[in-house]
Amino acid sequence: MTDVNRRLVMRPGWVLLVLALVVLGSWPGLRAWVDGVEQGRPEVRAGDLLVARPGGTGRLFAGTVVLMLAFGPERILGVVVNRPPAEEAGGADAPRWGGPVDSEHPILVAQAREAPPGTEPIGAGLYWREGSGDWPQGALRARTFQGYSGWAPGQLEDEILRGSWIVRRAEAGLVFGQNDRDTWLIALGESIR
């Protein structure tokens, strides 16, 4: 076989190798895209958790778990449940960072057996309300968040289709977790099984 023929025979092999490397290198994004095509538009509801995929979100939301409070045509909002209060805020009962939108806006999330007055249910025995104040009557536990995470219509669905978030139902144990890093790791681990 001449050198010219040998070069022609080897080219398809190199092309396939390069193509395989490109596909493998883009596997997470490709997998998220295929999942989106197979499943259609992602379904997100109030009471879902958004779990940030490693490398899927920017630095602001890296390692976060977001509890969705409202998802509809008028409002798409949630609170980050696993960011500690600022050190200067003073103690474990201090308001936690709920997100970058309206950082002075207080939101209270509570777990209760029955709906506390003035709250909206979001499932799994969880309720929320806007505004500051005492814990709702009958609350087993509650947390106050300052600010929230919000999205424009279609923005969150696009982020999910790009593979930035994993959507799962909320559990009170994750919403009120004591170790913020572990909350994300547990939510992530349970979501990808």
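Is Trp165 buried or exposed? In this predicted model, Trp165 counts as buried, because its relative accessibility is 2% and the cut-off for buried is under 20%.

Let me stay with that residue and turn to the rings around it. A pair of aromatic rings is described by the distance of the centres and the angle of the planes. The count of aromatic pairs here comes to three. In one of them, the ring centres of Phe61 and Trp165 are 5.9 Å apart and the planes stand at 70°, so this pair is edge-to-face. Phe61 sits in the loop between strand 1 (48-52) and strand 2 (65-71), while Trp165 belongs to strand 9 (residues 165-169), so the pair ties together parts that are 104 residues apart in sequence. Phe61 is itself buried, at a relative accessible area of 16%.

Trp165 also pairs with Trp151: their ring centres are 6.5 Å apart with the planes at 85°, so this pair is edge-to-face as well. Taken together, Phe61, Trp97, Trp151 and Trp165 form one aromatic cluster.

I would like to finish with the backbone. Most residues other than glycine have a negative phi. Asp102, however, has a positive phi near 50°; this residue is found in strand 5 (residues 101-112) and is partly exposed, with a relative accessible area of 42%. Ala124, also not a glycine, has a positive phi of about 60°, and its place is in the loop between strand 6 (120-123) and strand 7 (126-130).

Technical notes. Residues are numbered from 1 along each chain as its sequence is written. This is a predicted model: local features need pLDDT of at least 70, side-chain atom pairs count only at pLDDT 80 or more; totals for chains, interfaces and linings use all residues. Side-chain values use heavy atoms; hydrogens and water are left out. Helices (H or I, at least four residues) and strands (E, at least two) are DSSP runs, numbered from the N terminus. Buried means under 20% relative accessible area, exposed over 50%, partly exposed in between (1.4 Å probe, protein chains only). Rings of Phe, Tyr and Trp (its six-membered ring) pair if their centres lie within 6.5 Å; planes under 30 degrees apart count as stacked, over 60 as edge-to-face and the rest as tilted.
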